Amino acid sequence: MYTTNLLNFNTMHISAESKGIIPIYSERGLYEVLVKGNKPLKIIGGGSNILLVGDIDAYILKNEIKGIHIVDEDEDEVLVSIGAGENWHNFVMWTISQNLGGIENLALIPGSVGAAPIQNIGAYGVEQRDSFHSLKAIDLTQGISKLFFREDCQFGYRDSIFKKEAKGKCFITHVNYILSKKPMLNMQYGAIIKMLEESKINTPTIADVADAIIKIRTLKLPDPKIVPNTGSFFKNPVIEKKDFEKLKQSYPNVPNYVVDADHTKIPAAWLIEKAGFKGKRVGDAGTHKNHALVLVNYGKATGKEILEFANDIQIAVSQKFEIDIVPEVNIWES
Ligand code: EPU
């Protein structure tokens with residue numbers, strides 16, 4: 001058992017007590033905890049996508065299952081199994097070292113491998129579901145091991161079955177990805193091409209793309225080790241085409257991504273900035289000066305203070321644009 005305080009287990013650096021933090025190093029270790037009957041249980045990975053609002057009346061299972069293994073391969077692809085407690089960025093760097101393509105655009109995303117499918121993490125035109133094969137999880141309510149294939153996971157934009165009916169019930173032990181020995185680069189984001197041009201790279205490799213993305217992210221996003229944060233705090237809202245056309249009349253340059261014929265995604269960062277919240281600070285809660293979507297803890301903010309600040313942003317955006325933005329981070333209220 002580690003300490004009972006979660007301060008060093010969440011990247012927003014919020015102090016909150018729990019009933020105890022239990023490291024889980026193997027499936028066997030988890031079964032031993034289940035047999036003991038400690039309840040209730042909550043699962044934590046890298047702690048980079050949670051906001052702790054008050055003390056947590058639960059035992060916290062800290063996923064420490066490690067290891068990266070090649071399970072199968074042919075001349076084109078490799079099936080890799082990763083312990084869900086591995087750090088996501090370290091895993092991305094491992095794929096680069098093996099020259100295996102698929103997730104290089106997801107470099108420097110904070111968090112654990114086990115959290116990647118829960119959030120269906122994504123960046124720069126790529127989502128983890130594009131390379132996802134399957135995952136193994138232990139159902140905490142029944143104590144049995146289950147395999148989820150891609151079609152079982154209901155992946156959506158920052159969404160999966162693990163945020164819906166399976167929420168909090170499944171302890172993910174291993175995630176399996178299919179990676180390519182003949183990588184196809186995904187450079188649809190102008191920022192990547194620009195960065196590669198600046199570095200005078202004409203025929204980029206996956207290592208060059210990962211490098212460019214690391215540079216882009218480092219330039220605009222705060223390092224949680226220096227300025228505590230949880231990455232994007234809200235999801236980018238998807239609005240109906242008719243509402244988008246209306247918005248465009250007032251803001252002809254509104255940035256947008258077409259989702260389908262009837263829907264458009266608007267960057268929440270833009271809405272928040274236009275609502276006057278970029279770089280704003282109330283006490284120790286604030287938005288980052290370089291990126292309005294990143295809420296930060298400037299010192300000793302409590303989870304409640306950050307949540308109140310987030311609510312103020314939601315109200316301001318709703319009043320100005322009649323668009324609701326919802327948190328991407330998981331709010332833990334007890
Ligand atoms: N923008 C502003 N003000 C700002 C920042 C951005 O107006 O302060 C506008 C700009 O027009 C910019 C647009 O918002 O072009 C989009 O910004 P950015 O490219 O930084 O992406 P994002 O929509 O804010 C999403 C993901 C990120 C991912 C990036 C890059 C979500 C919720 N977030 O952010 O994922 O890294 O795209 O692909 O979808 C995360 O989920 O934690 C995360 C970091």
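**Entry 1. Helix 4.** I began with what covers the buried residues of helix 4, and found that helix 5 is part of that cover. The model I am reading is a predicted one. The residues of helix 4 that I noted as buried are Ile192, Met195 and Leu196. Viewed down the helix axis, these buried residues fall within an arc of 100 degrees, so they line one face of helix 4. I then turned to the face directed away from that buried side, where Lys194, Glu197 and Glu198 are exposed. Just beyond helix 4, I recorded a positive phi of about 60 degrees at Lys200.

**Entry 2. Helix 5.** What length should helix 5 have, and does the model agree or disagree? Helix 5 covers residues 206-220, and its 15 residues, at 1.5 Å a residue, should span 21 Å. The expected span uses one less than the number of residues, because it is counted in steps from one residue to the next. The end C-alpha atoms of helix 5 are 21 Å apart, which agrees with that expectation.

I listed the buried residues of helix 5 as Ile206, Val209, Ala210, Ala212, Ile213, Ile216 and Arg217. Down the axis of helix 5, its buried residues fall within an arc of 160 degrees, so they line one face of the helix. I kept a general rule beside this entry: an α-helix has 3.6 residues a turn, so residues three or four places apart point the same way. On the face of helix 5 turned away from the buried side, I found the exposed residues Thr218 and Leu219. The buried residues of helix 5 pack against helix 2 (88-97), strand 7 (122-123) and helix 4 (190-198).

**Entry 3. The cavity.** How many cavities of 30 Å³ or more does a search of the whole structure find? I noted 1. The largest cavity holds about 40 Å³ of space. Its lining consists of Met195, Leu196, Ser199, Ile201, Asp208, Asp211, Ala212 and Lys215. Helix 4 and helix 5 each give at least two residues to this lining, and helix 5 has the largest share, with 4 residues. Sorted by class, the lining of the largest cavity has 4 nonpolar, 1 polar and 3 charged residues. Met195 and Leu196, which I had listed as buried in helix 4, are among the lining residues of the largest cavity. Ala212, a buried residue of helix 5, is also one of the lining residues.

**Entry 4. Thr95.** I next looked up Thr95, which lies in helix 2. Is Thr95 buried or exposed? Its relative accessible area is 0%, and buried means under 20%, so Thr95 is buried. Leaving aside neighbours within four places in sequence, I found Thr95 in contact with Leu100, Ile103, Leu179 and Ile206. Of these, Ile206 is one of the buried residues of helix 5.

**Entry 5. The second largest pocket.** I recorded a volume of about 700 Å³ for the second largest pocket. It is lined by 31 residues, and those closest to its centre are Ile43, Ile50, Ile118, Asn330 and Trp332. Which elements give two or more residues to this lining? They are strand 2 (41-44), helix 3 (115-119), strand 11 (170-180) and strand 19 (330-332). Strand 2 gives the most, with 4 residues. By class, I noted 15 nonpolar, 11 polar and 5 charged residues in the lining of this pocket.

**Entry 6. Helix 8.** The buried residues of helix 8 are Gly303, Ile306, Leu307, Phe309, Ala310, Ile313, Ala316, Val317 and Phe321. Glu322 follows helix 8 and has a positive phi, near 55 degrees.

**Entry 7. Backbone details.** The peptide bond from Lys39 to Pro40 is cis, with omega near -10 degrees. Pro40 sits in the loop between helix 1 (27-36) and strand 2.

His13 is a residue other than glycine with a positive phi, near 55 degrees. I located His13 in the segment before strand 1 (20-24). With a relative accessible area of 33%, His13 is partly exposed.

Leu108 is not a glycine either, yet its phi is positive, at about 65 degrees. I found Leu108 in the loop between helix 2 and helix 3. Its relative accessible area is 30%, and Leu108 is therefore partly exposed.

Definitions and conventions. Residues numbered from 1 in each chain as written. Predicted model: local features only at pLDDT ≥ 70, side-chain atom pairs only at ≥ 80, totals over all residues. Heavy atoms only, no water. 1 Å grid on protein atoms, 1.4 Å probe; cavity = no way out; pocket = protein on both sides within 12 Å on 5 of 7 lines; lining within 4 Å. Points joined across faces, edges and corners; volume = space filled by probe spheres on them. Nonpolar A, V, L, I, M, F, W, Y, C, P; charged D, E, K, R; others polar. Buried < 20%, exposed > 50% of the residue type's maximum accessible area, 1.4 Å probe, protein only. Arc of directions from axis to C-beta. Contact = heavy atoms within 4.5 Å.
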